Amino acid sequence: MPLPTGPGRMPDPSLARVQYSRRAGHYDLELMPFEPVRRDAIAALELQRGATVLDVGCGTGLSFEGLRQGVGAAGRIVGIEPSPEMLAQARRRIQGRRWNGIELLEATAAQAPLEGLADAALFHFTHDVLQDEAALDHILAHLKPGARVVAVGLQWAPAWCVPVNMFVLGAALYSVTCLAGLDQPWRLLAARLRDVRVRTPGFGGVYIASGDV
Ligand SMILES: C[S@@+](CC[C@H](N)C(=O)[O-])C[C@H]1O[C@@H](n2cnc3c(N)ncnc32)[C@H](O)[C@@H]1O
C-alpha cells in the first residue's frame, strides 16, 4: 500500500510536482555529478543539424546546451515539464543565453500538446515517465519512424553492490514517485523500440538505453 506522502508503485504527477517545486532552486547543483552521463546520453542521440528533439521531463533545462550543439541554431528543442518551478528555471536559462528555437510545454508527458513529428527524444532521469505506458505511447506517437530515443537514469545494481544500491534507493526516495521498475527502468520503452542497446556504466547503478522508433 503506497504511503500518501511518499513514492508508491505507480507514477503520481501531483506528488512529483511537490517534489520538484521544493528542489527547483538547488536542482542544478544536485545533478552536477551526473553531467558526464548527460553528455554520453546526448551523444547517443546522434542529433543532426536542423533536427527537432523532445526533452521529456526537461526540468531546469540542463540538457539544452548539449542538445543545441547537436541540432544547431536551425534546430528545435521541445522541453516538456509539469513543474512550474523547474520550468521557470529553464526559462531563465533560455533568456540568459538568448537561445532561440526552444519551446517549453508545461505539461506531463502523457498530456503534452505536441504537434508534428520529432526526430529524437531524450528521457534524462525521468523514471516516473518511463513507468507510465500512456506517456510513452503519447511521446512515441509524436516521433518520426526511425527517430532516435535515449533514456538515462538510475537502476538497481547487482545485489552485491550494496553501497551503489543504497545510493539508488536514497536517490529514488528523493526523486521519483514510483519505486516500481528500478530493476530495468527502460523495459517498457525498450519494448516499443528496435535495435535497443543498454549500457550500464558506474557499477551497474546507471543505465543508458538507446533505440530507434
Ligand atoms: C530528475 S528530474 C530530471 C530533469 C532533467 N531531465 C535533467 O536531466 O536534469 C525529473 C523531472 O521529470 C519531471 N516529471 C515528473 N513527472 C513527469 C511526467 N509525468 N511527465 C513529464 N515530466 C515529469 C519532474 O518534474 C522533473 O523535472
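The buried residues of helix α8 pack against α1 (13–23) and β5 (143–154), where contact means heavy atoms within 4.5 Å. The model is a predicted one, in which local features need pLDDT of at least 70 and side-chain atom pairs count only at pLDDT 80 or more, whereas totals for chains, interfaces and linings use all residues. Residues are numbered from 1 along each chain as its sequence is written, and side-chain values use heavy atoms, with hydrogens and water left out. Helices (H or I, at least four residues) and strands (E, at least two) are DSSP runs, numbered from the N terminus.

Helix α8 comprises 14 residues (162–175), which at 1.5 Å a residue should span 20 Å, and the distance of 20 Å between its end C-alpha atoms agrees with this; the expected span is taken as 1.5 Å times one less than the number of residues. Val164, Asn165, Val168, Ala171, Ala172 and Ser175 are the buried residues of α8, and because they cover an arc of only 125 degrees around the axis, they lie on the same side of α8. The arc is that of the directions from the helix axis to the C-beta atoms, and burial is defined as under 20% relative accessible area, with exposed over 50% and partly exposed in between (1.4 Å probe, protein chains only). Pro163 and Met166, on the other side of α8, are exposed.

A one-sided arrangement is also found in helix α3 (35–44). Val37, Arg38, Ala41, Ile42 and Ala44 are buried in α3; seen down the axis, these buried residues fall within an arc of 155 degrees, so they line one face of the helix. Arg39 and Ala43 are exposed on the other side of α3. The cover over the buried residues of α3 includes α4, β4, β5, β6 (194–199) and β7 (206–212). Just after α3, Glu46 adopts a positive phi of about 50 degrees.

In helix α4 (residues 64–71), the buried residues are Phe64, Leu67, Gly70 and Val71, and their arc of only 120 degrees around the axis puts them on the same side of α4. Among the elements that cover these buried residues are α3 (35–44), β1 (52–56), β2 (76–80), α5 (84–97), β3 (102–105) and β4 (118–124). Ala73 is placed in the loop between α4 and β2 and, at 68% relative accessibility, counts as exposed. The C-alpha atoms of Ala73 and Trp99 are 8.5 Å apart in space, although the two residues are 26 residues apart in sequence.

The ligand is surrounded by 17 residues, of which the closest are Tyr27, Gly57, Glu81, Ala109 and His124, a residue being near when one of its heavy atoms lies within 4 Å. An N or O atom in the side chain of Tyr27 is 2.8 Å from an oxygen atom of the ligand, and a polar side-chain atom of Glu81 lies 2.6 Å from a ligand oxygen atom. With Gly57, a backbone N or O atom lies 2.7 Å from a nitrogen atom of the ligand.

His124 is found in strand β4 and is buried, with a relative accessible area of 6%. Leaving out residues up to four places away in sequence, His124 touches Val37, Arg38, Ala41, Val56, Ser63 and Val152. The side chains of His124 and Arg38 are joined by a polar contact of 3.5 Å, the term denoting a pair of N or O atoms within 3.5 Å, of which, within protein, one must be able to donate a hydrogen and the other to accept it, while residues adjacent in sequence count only if both atoms are side-chain atoms.

Two glutamines in loops are likewise buried. Gln155, in the loop between β5 and α8, has a relative accessibility of 6% and counts as buried; its side chain makes a polar contact of 3.1 Å with the side chain of Trp186. Apart from neighbours within four places in sequence, the contacts of Gln155 include Val168, Leu182, Pro185, Thr200 and Tyr207. Gln131, in the loop between α6 (127–130) and α7 (133–140), is buried at a relative accessible area of 14%, and, with the neighbours within four places in sequence left aside, Gln131 is in contact with Pro11, Cys178, Ala180, Gly181, Pro185 and Leu188.

Zero disulfides are found in a search of the whole structure, a disulfide being a pair of cysteine sulfur atoms within 2.5 Å. Cys58 counts as buried at 8% relative accessibility, and Cys161 is buried with a relative accessible area of 4%.
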